[in-house]
Amino acid sequence: MSLTTRAAVVESGGAPFTLADVELDEPGPHEAVVRMVATGLCHTDLGVAGGGLPFPLPGVLGHEGAGVVEAVGPAVTGIAPGDHVVLSFTSCGECRNCHGGHPAYCATWLPLNLLGGRRADGTSTISRDGTPLGGHFFGQSSFAERALVDERSLVKVDADVPLESIAPLGCGVQTGVGAVWNVLKPVTGSTIVVLGAGAVGLSAVMAAALTPATRIVAVDKVGERLSLAKELGATHTVNVGEADLGEALAEITGGQGADGIVETTGSVAVLRQGVDALAARGTLVVVGAPPFGSEVALDVNGLLGGKQVVGLTLGDAETQTFIPSLVQLVKEGRLPLHRLISTYPFAEIDQAVRDMGAGKAIKPVLTF
């Protein structure tokens, strides 16, 4: 039996979010109904809503949900009604990468999470007046008072931690943290540079501060965000509105270059500058996503000193172990995620979008 709930619907590319009643399908064997408590707003949501990705619209987005389980399908294990959950991406659970502990590189990741708008079998999870809508976004479509969630998107978390304080863990935060912990893995004496001090970049700064890295450099053009980066663990900052990035990094590193760089801006020009600023055997992690088809020119001879450029999705995290560990760090105050969060009532989603676009809010979190 279907369930009626209130959701933020995007009618077409570039249209605003509109609150409307929608119907959730009955939970399948491996699905759960979750009453949403909070959900983060991410640039990926805005990119899809703006028509930048071929997701089927009208549709319901949202992929940083957190809430309380109300019902589960008959094949769901390890999750029960009443459990507190953070929602993250979904995956097939059967391919080589899923079995290998890398579900962010699932063979069917794109259709299951970002482009398909349907379950793997092609059926719809959300409809309005009998007409299917685009849904199943990251296995959740959490811009709604209730969400029909894929089992592999569910992560049970400590019920003592307020859900509005940990909703962003499902995407942006685990991406920034995973770039540092799962890819760069700084050792004593390392220099880590983070290009862009938004939610993902500042998460990377916080993660680097929990490693033996000696220098942590935050780069942005907004002074207030650089000041926050210093408070969150950056040892140095570079304001690219006032200084040349290459020259500044050369001075900070004594001409040696950076051991690890996290590129979050999505600018191919910034990415190129980052590769040029790497030390021998240094690694740049590409997190920011420019439009599909974007290319960047690199000096091939400059790469021969052992430099590596690595693409990354969602921190290459195995969510069932990674996210609860992050929750514990938030609980202990060692990952001060609250410094990034601005909360908005769900009905004010368009205001949250405007504030995010204007740079007034680093990580908007909608509350229900």
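How many disulfides does the count come to? In this predicted model, the count comes to zero disulfides. Cys-95 takes part in no disulfide, and its nearest cysteine sulfur, that of Cys-98, lies 3.6 Å away. Cys-95 itself counts as buried, at 14% relative accessibility. A second case is provided by Cys-171, whose sulfur is 4.1 Å from the closest cysteine sulfur, in Cys-42, and therefore too far for a bond. Cys-171 is likewise buried, with a relative accessible area of 8%.

Attention then turns to charged side chains. Side chains of opposite charge can pair when their charged atoms come close. A search of the whole structure finds eleven salt bridges. One of these joins the side chains of Asp-21 and Arg-6, with an N to O distance of 3.3 Å. This pair links distant parts of the chain, as Asp-21 belongs to strand S2 (residues 17-24) and Arg-6 to strand S1 (residues 3-10), 15 residues apart. Asp-21 is partly exposed at 43% relative accessibility, and Arg-6 is also partly exposed, with a relative accessible area of 31%.

A further salt bridge is formed between the side chains of Arg-119 and Asp-25, at 3.1 Å from N to O. Arg-119 is located in the loop between helix H3 (109-115) and strand S7 (126-128), whereas Asp-25 occupies the loop between S2 and strand S3 (31-40), so the pair ties together parts that are 94 residues apart in sequence. The two partners fall into separate accessibility classes: Arg-119 counts as buried at 14% relative accessibility, while Asp-25 is partly exposed, with a relative accessible area of 34%. Arg-119 and Asp-25 are also linked with Glu-31 in a network of salt bridges.

The side chains of Arg-146 and Glu-70 likewise meet in a salt bridge, with an N to O distance of 2.7 Å. Here, too, distant parts of the chain are linked: Arg-146 lies in strand S9 (residues 146-150) and Glu-70 in strand S5 (residues 65-72), 76 residues apart. Arg-146 counts as partly exposed at 24% relative accessibility, and Glu-70 is partly exposed at 34%.

Note on methods
Residues are numbered from 1 along each chain as its sequence is written. This is a predicted model: local features need pLDDT of at least 70, side-chain atom pairs count only at pLDDT 80 or more; totals for chains, interfaces and linings use all residues. Side-chain values use heavy atoms; hydrogens and water are left out. A salt bridge is a side-chain nitrogen of Lys or Arg within 4 Å of a carboxyl oxygen of Asp or Glu. Helices (H or I, at least four residues) and strands (E, at least two) are DSSP runs, numbered from the N terminus. Buried means under 20% relative accessible area, exposed over 50%, partly exposed in between (1.4 Å probe, protein chains only). A disulfide is a pair of cysteine sulfur atoms within 2.5 Å.
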